[in-house]
Amino acid sequence: MSSDLSTLLEYHAALFNKKEFIEEDPIRIPHAFQLLQDIEIAAFWTAILAWGQRKTIINSATRLFSLMDNSPYDFVRNHQERDRKPFLSFKHRTFQPVDTLYFLEFFRIFIPGIIPSKRPSPSLFSRKTIMPALPFKAFTISFSPFPILPIERENMCPPPKAGAPANE
């Protein structure tokens, strides 16, 4: 690694890896958990919500995880269908209740595939954990209610008419 890059990375690590920064940033959400799997789920989901004002992101993520009794790993592994009802009121900007339900369903399918014995794994999102447990095609099909269609580029947009203005 070049010394310029190393210096830049060290500068930013010193700038952001401080209690004062973490307290006012969405990164505080995963920092609130102790169990590695809770941290990973909280970090993943908070990152999905992380656009907009930091205070709004923190409030939304806090509300989301409170719906899981602040035990996201236990919740996604063991919840029943009836436990999803409170999530019907969860929204964050354009993230709607149905999006939350799809994420819960994804985790419901994903986590037992990784941990068949229901024994905590060292990490939910490591390459060794994800790759054998969930092939890409299975992930996209289970995560999306819509079929995945091939894109035909030539049919996406008709070619412009000869002599037509660019904005037509």
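The side chains of His92 and Ser60 are joined by a polar contact of 2.7 Å. Polar contact here means a pair of N or O atoms within 3.5 Å; within protein, one must be able to donate a hydrogen and the other to accept it, and residues adjacent in sequence count only if both atoms are side-chain atoms.

A word on the basis. This is a predicted model, where local features need pLDDT of at least 70, side-chain atom pairs count only at pLDDT 80 or more, and totals for chains, interfaces and linings use all residues. Residues are numbered from 1 along each chain as its sequence is written, and side-chain values use heavy atoms, with hydrogens and water left out.

Back to His92. Where is His92 placed? In the loop between helix 6 (72-78) and helix 7 (97-114). Helices are DSSP runs of H or I, at least four residues, numbered from the N terminus.

Buried or exposed? His92 is buried, because its relative accessibility is 1%. The cut-offs: buried is under 20% relative accessible area, exposed is over 50%, partly exposed is in between, with a 1.4 Å probe and protein chains only.

Which residues does His92 contact, leaving aside neighbours within four places in sequence? Leu49, Trp51, Thr56, Ile57 and Ser60. Contact means heavy atoms within 4.5 Å.

Next, the backbone. Arg93 lies in the loop between helix 6 and helix 7. Its phi is near 50°, positive in a residue other than glycine. Arg93 counts as partly exposed, at 48% relative accessibility.

Now Asn70. This residue sits in the loop between helix 5 (54-66) and helix 6. Phi of Asn70 is positive, near 55°, and again the residue is not glycine. At 44% relative accessibility, Asn70 is partly exposed.

Terms used. Helix = DSSP H or I, 4+ residues; strand = E, 2+ residues; numbered from the N terminus.
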